[in-house]
Amino acid sequence: MSRGALQPSQQKLAEKFTILNDRGIGMLTRIYNIKKACGDPKAKPSYLVDKNLESVVKFIVRKFPAIETRNNNQQLTQLQKEKSEILKNLSLYYFTFVDVMEFKDNVSELLNTIDACQVFFDVTVNFDLTKNYLDLVVTYTTLMMLLSRIEERKAIIGLYNYAHEMTHGASDREYPRLGQMIVDYENPLKKMMEEFVPHGKSLSDALISLQMVYPRRNLSADQWRNAQLLSLISAPSTMLNPAQSDTMPCEYLSLDCMEKWIVFGFVLCHAVLNTDPAALSLWKLALQSSTCLCLFRDEVFHIHKACEDLFVNIRGYNKRLNDIKECKEQALSQAGTMHRERRKFLRSALKELATVLSDQPGLLGPKALFVFMALSFARDEIIWLLRHADNIQKKSTDDFIDKHVAELIFYMEELRAHIRKYGPVMQRYYVQYLSGFDAVILNELVQNLSVCPEDESIIMSSFVNTMTSLSVKQVEDGDMFDFRGMRLDWFRLQAYTSVSKASLGIADHRELGKMMNTIIFHTKMVDSLVEMLVETSDISIFCFYSRAFEKMFQQCLELPSQSRHSISFPLLCTHFMSCTHELCPEERHHIGDRSLSLCNMFLDEMAKQARNLITDICTEQCTLSDQLLPKHCAKTISQAVNKKSKKLTGKKGEPEREKPGVESMRKNRLLVTNLDKLHTALSELCFSINYVPNMVVWEHTFTPREYLTSHLEIRFTKYLETLLRQVSNGHIAYFPAMKAFVNLPTENELTFNAEEYSDISEMRSLSELLGPYGMKFLSESLMWHISSQVAELKKLVVDNVEVLNQMRTSFDKPEQMAALFKKLSSVDSVLKRMTIIGVILSFRSLAQEALRDVLSFHIPFLVSSVEDFKDHIPRETDMKVAMNVYELSSAAGLPCEIDPALVVALSSQKSENISPEEEYKIACLLMVFVAVSMPTLASNVMSQYSPAIEGHCNNIHCLAKAVNQIAAALFTIHKGSIEDRLKEFLALASSSLLKIGQETDKMTTRNRESVYLLLDMIVQESPFLTMDLLESCFPYVLLRNAYHAVYKQSISSSA
């Protein structure tokens, strides 16, 4: 190679490393997906499982890479039929393998260039160059190993090539080299050990430069504790001093990454293990720390077994084999405990760090290095645990089950949140640092260089100028910073100054390298905080350990002390998309869907747990409340009486029954009741649910609190349905005087007291729990029940439409009305359904009143504004506008003339087969049906009016609300006159009820006066009817006498 070819500026080492490392990750992603697809019977290419092609596939694999098409026509006949489809469907797989081969060629070329240039590597000096070199070696190695794990690789490549030859008359031009590569790399590490013999010097030099970095990172928890690692408060006097290090980027370098460099690197250049004690020491330390390494995602490499298999056939390697066995024993016996203690230390260290920074976020400036070190250390330990727990090689599993891992993840998320939130604080600090300190020091270093070629001088001068031009005003103005060009120039400069015979050799100017590494870290604090978070704390690997991920979550929920950290798991789902690569866009949807489903599942489970705790607390409170029931005081009274009369009852020493409230008398703070435990568990879980207002996962926003609200809505709607079902069964009545539902005396006593679930305080509590959205959901659920009842009522109207039409026009003809009434069917059903509607609407009015009270307390000015807006809407306002106002008012709990929720529910009932005119007619006849049916209520023994409750025991007083609100909603929908229809209803009802005044049958008229009062209630409830109108239809003297009669009857009954 000529001297001209070795010009470092022409080799573009920095650019090649950058491109090849990125492409290597992309190729790993593609090969990984092919391996997973081939391992899944549902995703595997159909040609590999097709019974018709089974013999062909076996033949191709047996002969691979040779091609024999002429002498085996019978076996290849089936392949001839499928050739075009095979070419089409296997091309993506085939050309991915071709891309791997091209990647291999490019890597080999670059490694040869590095050897020819005799590049100097030292991770503490030319960090970027050394790291990229070692990354490329490991990426190349893992890619070839992962390729060898695809069992179907020969079948896929062979099938594609045979189909290509049958179609085009010749093999694919890449096939000979590709086939040979597949054969050569059957045992990839063995092949690569031979391949790396010429590269041994460069690789071993780069690895040995880790001797000052890796041992310092791989310390025990006790050593960390003694050094007070990551503590901001251990030395208060230096708290404001910037965290400094000569090897800045090495401080947060991943331990997992270094172990892969060391293990794979020294396997490839194993000869140095016999000659260099430093190399052997590094290698043994790595082998003692883990039993397996991550190849890619959830694909692992079992270190000791693989190394033994590689070294067993090499002469003179008995010592190395003994080293491997010793390290394996130590890893199995001590690594688990060591990593467990590290996680324990990091939990407390990160908690302290997060607490101090939340109180003093300004410390993120000088102590940023500590934060990224903490994140990197924690990430390494979590990944180690995840990998080893899934690949346990020892009988005892205690070291691989960590029920507190959620806490460590939680503090990581807290630190990440601080960095995102206070990014401008860090920018402000480091902009001043770069311009006021770094630029000055670098300028002095450059001036003091004895030799500085023109190209290098220009680059370093540009660094100084870039930093000097920075100002705090740029941060205040929100300017975007971009130092990527500066960092790439430093990478280029490392390449220029690291080759042999360079005019300015970085090996001779280590201070310059260390200073520039520090400067590069400072620039990342200004423009690359998000990328730094991904580099140091991305744990998207959980995406590929779904079972372990879910198990950790369940353990977290089951342990009360950890449930406050359960939000860590949904937050982890936000990491998943960072593991995707642009070379494999098809997996984005798969990983995105997995992140969404897991996040949804975690939040749903948290909400369910909280809901169950709330329900359990309610049960406990009910149990305590039941202790106050009168029946429980009988024994106490009996004991008091016997004591007074000096009679001894029961056995001696019988324990005295505990009185209600004794649980509140604490003799010791350590005594904890079940209710205390439930409240603690709920508060911990609610802390987690409220930790973030929302989170974004794959462009979808999740709101944790909404999950809990949703579950509470469903739970309390179920309780509501139980309550209302008992009302319709006649076991519970609505008492307007008490504004509550109350149990009625029945043969089978109900298991719950309705009043305890429906009085004013309970409804306000329900409103507090559910909030306005929850109450809206509750209303919609109620309206669904009402709309189903109205649908049935319409069917009954249709069955009686002819009779009702005649009655509508004959209300002033008593004899004809009586005859027509006898022809009506399902009269009782109509009244019962209307009563149920009235009960539901009564419950809703209680709920709305409670909501209004709660909102008036929380947002009084807003509620008063809405109320004022509603009260001053002009009568002539367009109905659409009015309904919008009513909807707003209803959401605030204010009563409206027309219920918007009811209008929406009934609007959805419009039938396609019935014209609007017919629908309107049915609505009119429904009101007629109810009006003419009311007299039958007088014969019901339960229809008696009770002044004490201001209602009837069979809830017919709820008809007043039902008639008014159903009429208002129906005639709003059908654009009719609500007032005219209610006048018609009142005329028909009055006429019908006046007739029972002439009845002589006592059974028919037993509660006539109580039913008369319904007319007064309907008018009192209605915003559209007046007492003057009622007086014109029904003499007021009858109402007065009716009130007198029911009050008199009530007094006589109670006497």
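Predicted model: local features only at pLDDT ≥ 70, side-chain atom pairs only at ≥ 80, totals over all residues.
Colleague: Which helix gives the largest share of the lining of the largest cavity?
Modeller: The lining is made of Phe127, Asp128, Pro249, Tyr252, Asn517, Ile520, Phe521 and Lys524. Two or more of the lining residues come from each of two elements, helix 5 (127-148) and helix 23 (510-527). The largest share, four residues, belongs to helix 23.

Colleague: How many nonpolar residues are in the lining of the largest cavity?
Modeller: Let's sort the lining by class. Two of its residues are charged and one is polar. The nonpolar residues number five.

Colleague: Which helix supplies the largest share of the lining of the second largest pocket?
Modeller: This pocket has a volume of about 1,000 Å³. It is lined by 44 residues, and those closest to its centre are Met879, Ala882, Met883, Tyr886 and Ile898. Several helices each supply at least two lining residues, among them helix 32 (760-799), helix 35 (827-858) and helix 37 (879-891). The largest share, nine residues, comes from helix 37.

Colleague: And how many nonpolar residues does the lining of the second largest pocket have?
Modeller: Again we can go class by class. Eight residues of this lining are polar and twelve are charged. The nonpolar class has 24.

Colleague: Which residue takes a positive phi in the hairpin of strand 1 and strand 2?
Modeller: Strand 1 (residues 292-296) and strand 2 (residues 299-302) pair in the antiparallel sense over four bridges. Across this pairing, Cys294 stands opposite Val300. Two residues lie between the strands, and the one with a positive phi, near 55 degrees, is Arg297.

Colleague: Why is strand 1 called largely enclosed by the rest of the structure?
Modeller: A residue counts as buried when its relative accessible area is under 20%. Strand 1 is largely enclosed because the number of its five residues that are buried is five.

Colleague: Which residue of strand 6 is the bridge partner of Tyr734?
Modeller: Strand 5 pairs with strand 6 (residues 740-743) in the antiparallel sense, with four bridges. Along strand 5 (residues 732-735), Ile732 and Tyr734 point one way while Ala733 and Phe735 point the other, and all of them are buried. In strand 6, the partner of Tyr734 is Phe741.

Colleague: Is Lys739 buried or partly exposed?
Modeller: Lys739 sits in the loop between strand 5 and strand 6. Its phi is near 50 degrees, which is positive although the residue is not a glycine. Most residues other than glycine have a negative phi. With a relative accessibility of 31%, Lys739 counts as partly exposed.

Colleague: Is Trp698 buried or exposed?
Modeller: Look in the loop between strand 3 (695-697) and strand 4 (700-702) to find Trp698. Trp698 is not a glycine, yet its phi is positive, at about 50 degrees. The cut-off for buried is under 20%. Trp698 has 19% relative accessibility, so it counts as buried.

Colleague: Which residue is joined to Pro65 by a cis peptide bond?
Modeller: Pro65 is in the loop between helix 3 (54-63) and helix 4 (73-117). Most peptide bonds are trans. Here omega is about 5 degrees, and the cis bond joins Pro65 to Phe64.

Colleague: How far from Cys38 is the nearest cysteine sulfur?
Modeller: A disulfide needs two cysteine sulfur atoms within 2.5 Å. By this rule, the number of disulfides is zero. Cys38 is in none, and the nearest cysteine sulfur, in Cys584, is at 13 Å.

Colleague: Which cysteine has the sulfur nearest to that of Cys896?
Modeller: Cys896 is in no disulfide either. The nearest cysteine sulfur is 20 Å away and belongs to Cys958.

Colleague: Is Arg347 buried or exposed?
Modeller: Arg347 is part of helix 16 (residues 318-359). Leaving aside neighbours within four places in sequence, Arg347 is in contact with Asp402, His404, Glu407, Leu408 and Tyr411. Its relative accessibility is 14%, so Arg347 counts as buried.

Notes: Residues numbered from 1 in each chain as written. Heavy atoms only, no water. 1 Å grid on protein atoms, 1.4 Å probe; cavity = no way out; pocket = protein on both sides within 12 Å on 5 of 7 lines; lining within 4 Å. Nonpolar A, V, L, I, M, F, W, Y, C, P; charged D, E, K, R; others polar. Buried < 20%, exposed > 50% of the residue type's maximum accessible area, 1.4 Å probe, protein only. Pairing = 2+ DSSP bridges. Points joined across faces, edges and corners; volume = space filled by probe spheres on them. Contact = heavy atoms within 4.5 Å.
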